[in-house]
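Here are my notes from a look through this model. Have it open beside you as you read.

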Amino acid sequence: MKIETIAIHAGNKIDEHSKAVIQPISLSTTYQRAADGSYPEGFIYSRIDNPNRKSLENVIARLEQGPDACAFSSGNAAAAALFQSLPRGSHIIAPDDMYHGLRTQLLQVFEGVLEVDFVDMSDIAKVRQLIRPETKLIWIETPSNPLLKVCDVLSLVVLAKSRGILTACDNTFSTPIFQLPLNLGCDFVMHSTTKYLSGHSDVLGGVLVTAVKDSMWDKIRAIQVLGGAVPAPFDCYMTVRGIKTLPYRMRGHYENAVLIARFLEKSSFVEKVYYPGLETHPGHDIAKNQMSSFGGMLSFLVRGGADEAIKVVNAFKVFTQATSLGGVESLVEHRASVEGPATKTPQNLIRVSVGLENISDLIEDLENAFKAID
């Protein structure tokens, strides 16, 4: 099956009794045992497994071309399960530009349990210098959030494998439509399914996909089941529903994003544009080699400082000023004010999740918003 067909069919199971074409939501928390005490359909208790969760895990594993997936109640819960599976005292190398919530989790939740160093992943030499005997995981995020940095996944994988280190890639920005980290040699892929996979800004979730079903994966599955940070059946249903249109949505996000990036690049109100689809982006050639397209996320620097950036985000009429990304509606955010005083994000940076509105309306909205600082 091609990816569009997988997205529509791999997460669906026709009901055997009613013959409903769309798999129903199974809300039951418990399942009847047979006379011999067995579970004929394989389901025991909904924290352990659920028909809707099984369908969600199946479609995402198929899309990422991995043998199995574990769904969680959020992207942070998915990443935390991988971190929890590492031995106490393990050292992690992570990007210096990455999702702020996950960076904070590493620094606060895993303080005293794991050690972490943050580095510019686009510089392999710097990554190599940080490796020590306790290093167990290289966490990759490409393109990164919010500076859209691009790192060479294959080179990082080769380095990691030569030292017996695991690699995991946050593929939230690219989705399996545009990037397949397992095919580049990564051991794990993570998504915040809240974003592009569900695609409608109305359901929270996360997922891990593995390259191999081994003892490490068994431990992650145990953390999922015993820790209990699992998505509800309705959340799984909604995410599967969103995935059905994922390939077509991602093409629309890209088509709008590249036009907006080129518009911004020419604007006198913009100091710099961060988008790997631009030939001027330092990671453009690497992105072109490991991605089939460049996605719907970009950031730009307004000429001025925080005050000018905030004036612009407050002036939009079509773009909505809000946290998160990946929905059909276009969102903008002044990231530094979200990330707090310790942020390294430029104060004049605006992050943009480009939606599926008409491109003329989006560009007109940008032009009008810039008048706030004219």
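**Notes on a buried serine and a domain contact**

1. Let's start with Ser 90: its relative accessibility is 2%, so it counts as buried, the cut-off being under 20%. Do keep in mind that this is a predicted model.

2. Where does Ser 90 lie? Look in the loop between helix H3 (75–84) and strand S2 (91–95). A polar atom of the Ser 90 side chain is 2.6 Å from the backbone oxygen of Pro 87.

3. Now for what surrounds this serine. If you set aside neighbours within four places in sequence, Ser 90 is in contact with Val 113, Leu 114, Glu 115, Glu 134 and Lys 136.

4. Stepping back to the whole protein, the domain assignment gives domain 1 (3–241) and domain 2 (247–371). Their contact draws on 29 residues from domain 1 and 35 residues from domain 2. As for spacing, the C-alpha centres of the two domains are 26 Å apart.

5. How much area do domain 1 and domain 2 bury between them? The figure is about 2800 Å², with 63% of it on carbon and sulfur atoms.

6. On the polar side, 13 residue pairs are in polar contact between the domains, counting pairs with both residues at pLDDT 80 or more. In the side of domain 1 that touches domain 2, helix H1 (3–9) and helix H7 (175–178) each supply at least two residues. By class, that side has 15 nonpolar, 11 polar and 3 charged residues.

7. The salt bridge count between the domains is 1. Have a look at Glu 4 and Arg 251, whose side chains meet in a salt bridge at 2.2 Å, N to O.

How values were computed. Residues are numbered from 1 along each chain as its sequence is written. This is a predicted model: local features need pLDDT of at least 70, side-chain atom pairs count only at pLDDT 80 or more; totals for chains, interfaces and linings use all residues. Side-chain values use heavy atoms; hydrogens and water are left out. Domain bounds come from an automatic or database domain assignment. Contact means heavy atoms within 4.5 Å. Buried area is the accessible area (1.4 Å probe) that two parts lose on being put together, summed over both. A salt bridge is a side-chain nitrogen of Lys or Arg within 4 Å of a carboxyl oxygen of Asp or Glu. A polar contact is a pair of N or O atoms within 3.5 Å; within protein, one must be able to donate a hydrogen and the other to accept it, and residues adjacent in sequence count only if both atoms are side-chain atoms. Helices (H or I, at least four residues) and strands (E, at least two) are DSSP runs, numbered from the N terminus. Ala, Val, Leu, Ile, Met, Phe, Trp, Tyr, Cys and Pro count as nonpolar, Asp, Glu, Lys and Arg as charged, and the others, Gly among them, as polar. Buried means under 20% relative accessible area, exposed over 50%, partly exposed in between (1.4 Å probe, protein chains only).
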